[in-house]
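Here is a walk through one structure, from a sheet with its helices to a pair of packed helices. Keep the sequence and the model side by side.

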Amino acid sequence: MPIKPLSSDKLYRVSELNDLSPDVCKSTKHLIPLDEIVGQERAQQAVEFAMSIKEKGYNIYAIGRNGLGKRTMMLRYLHRHELNGNSRTIYDWCYVVNFEETRSPKVLKLPAGIGNQFKKDVEKLMMRLVKALPLAFDNEMYYSRSETLKTQLAEKQETALVNLTKEAKEKNISLALTTQGDYQLVALNGEEPHTEETFDALSEKEQRQFEAVIAKLEVKLRGIIRQLTEWEEEFSDKLEKLNEEVALEVLSHFIKTLQEQYHSLPEVKAHLSAMQKDILENLDIFLEESEEQVALAYAALDKKMPRRYQVNVLVSQDEHKFPIVVEESPNYHAIFGYVENATYKGTVFTDFSLIRSGSLHRANGGVLMMDAVKVLERPYVWDGLKRALRSRKLNLSSLEREVTLSGTISLDPEPIPLDAKIILFGDYQTYQLLQHYDPEFSELFRVTADFEDEMPRTDKSEEHYARFISSIIHDNDMLHCDRRAIARIIEYSSRQVEDQNKLSLHSADIANLLRETNYCARSMNATVIRSSHVEQALMNQEKRVSRLKDQVMQSFMNGTTLIDTQGDAVGQINALSVIATSDYQFGAPNRITATTAFGEGDVFDIERKVKLGGSIHSKGVMILSAYLASIFGKTAKIPLSTHLTFEQSYGGVDGDSASMAELCAIVSAFSQQPLRQDIAITGSMNQFGDAQPIGGVNEKIEGFFDVCTIKGRLSTQGVIIPESNVHNLMLRKDVIEAVEKGEFHIWAIGHVTEAIEIFTSKLAGTWNEEGGYASDSIFGIAQAKLNALRK
């Protein structure tokens, strides 16, 4: 029975959208956008598991090639599912000064949404204190009390000095104050002090008497001066105590209100108490009158400065929102935070208020997403990330200090507890490298979310896909697609994955097509996207990238590349190949020829000899050689050597999809029976001659169809493909129309002998009981010629 070509309904699967009623769903406007991860149940389960478990190390590595929409799908899923129910509490994190050790700022953990309010409350407190404290010291009551203390001191000092002056006067000694501020005892000459001349004029006895008296009085004077110093210290202490009492009245009034407001937060209460104590110890900065001193206090790193009472809100979270952070540029500072430096009048300084958060701080309590390759490319980031995940702490250490090993003074802030899930996006090769070279990787990233490239195409999945299209349209504010446009995009998705029964999950391709389709529709002033707009966008896409295809087709048109699409020839066949660029692939026929000569039965692959053939192609030739030997070498060695080549092929050849074509050419050369040139063939084979599926079947068929159109169309032309490739067919409309009209044919075969029969219009032949093939079969004719050579 002759093999029948495929009917046109086998060449393309039309999307009927059976699960979307035409009355209810006329366009994407009537579809609810899809918020879940479409077609990624396996990956979704992995994410759900990782997000539910709190133990250390259950971070996620999301595997899948670029363009699958891993990040978009993950974000949609995380936004859609409320994960706070997993006993995850979100906090605000603030840095405040450590009054005991300023180099080690303290961390305050506050409930989400409280951080900024606390910062404002403290700022308000400071503003009030700046006004209220000077006023407390600028009133009659304070002046009266401080003056009393001063008067008491002055009276004591005066009494002591008057008594000493009296005693000295009685002994003809004067107690005087020098211009340098020192006390001096001088002998008197009547009422006036002795000069050097008058003192020298005295007798030695009188001089010694004066010196002895002055010596005794100096001892007393030193004792009085010591006592004066003690009285001044007592006065300072009393004045300080008075100042503290006055300031405490003001402070306790304001701070007590704050302590009551934050009574449920012990850390905040403790900080406010420490702040109150520190303000009392540094009252002079609030009473500073010089503007320059105030400016310096706010700018310079000084023990006494108002900025030490500020609150640095490192992270402020929304209490109703799960933290999800996507880090596009994962360098060390962007992830782990850093400490800035400031300059004031040539002085470089830093303090706790200059600490800045990283994405890991902002993702604390939630999720941080990053690209694995970008993380590995940046210096020190991978080690820092592992260190943070191991310790579950965020240490804000200076990268510069670690790298340069310098002793520069810097801050050593208290670490923040880390409770975040890390999601790394990457390909399988990066995953394998990390598994192989980093033993810690599998301990820290225990969950693998493996994203699929495709999904089964069913009525239900088509409905999901339509909603997925609707979500892209809604997210990007595009024109809505009508029913037929939705169906055409779904059909395009099947073409992308080369399977009638599957849909591509490469969301970037679908999103790009929708953007370009939306542009086409708007440029035509349409109010809705129709299938014609989708076709136009696809044509525009192909035109942009098909320069190489046009060049190749031009070579067939002008005869540069030799090809026959009619007639027949011995040892010559049209095979099909795919030529691929980075963003486009197309099919084109190749002429394969086989010549024979007396020999040892070897098949010489010319492509392999000149190192243009890849290992897979060479394997295909060896397999067909084995099949040849099983057909014609059952009883004796084949007495012919065969030379096989791709004509006009000057680049590399790889793949085994031409092995059936090569076998047909060799059998034709053995039997000297001509092969039809109006037919092309693609498909590999095994050692038993069974046809095996190949890739790029749509492009290959269309490539030969295009060449037939260039060289002249005949109603007998067509292509032979493996039967196992039928489900891969999603052909162009013009090819399907030609098949419908009987102007082009596609045969699906299960064995290479069927291809021989189509090419020669004769039976291939089967091994009979007599130990040979029928004499009128192709194998029989070839066997007879080989037997003649053997004799």
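Two strands pair if DSSP finds at least two bridges between them. Strands (E, at least two residues) and helices (H or I, at least four) are DSSP runs, numbered from the N terminus. The model is predicted: local features need pLDDT of at least 70, side-chain atom pairs count only at pLDDT 80 or more, and totals for chains, interfaces and linings use all residues. Residues are numbered from 1 along each chain as its sequence is written, and side-chain values use heavy atoms, without hydrogens or water.

Start at β23, which 3 bridges join to β24 (residues 640–646). The two run parallel. D605 has L644 of β24 as its bridge partner.

Now widen the view. An open, mixed sheet of 7 strands runs β23-β24-β22-β21-β26-β29-β30. Its edges are β23 (603–605) and β30 (745–749), each pairing on one side only.

Helices pack here too. Helix α20 (residues 547–557) lies across β21 (572–580) and β22 (585–598), at about 45° to β22. Angles run from 0 to 180 degrees between N-to-C directions, with axes fitted to C-alpha atoms, for helices over the stretch in contact. Helix α24 (residues 697–711) touches β21, β22, β26 (679–681), β29 (718–722) and β30. Contact means heavy atoms within 4.5 Å.

Last, turn to α16 (residues 459–476) and α18 (residues 507–523). They pack at about 55°, axes 11 Å apart. Among the contact residues are F468 and I472 of α16 and L514 of α18.
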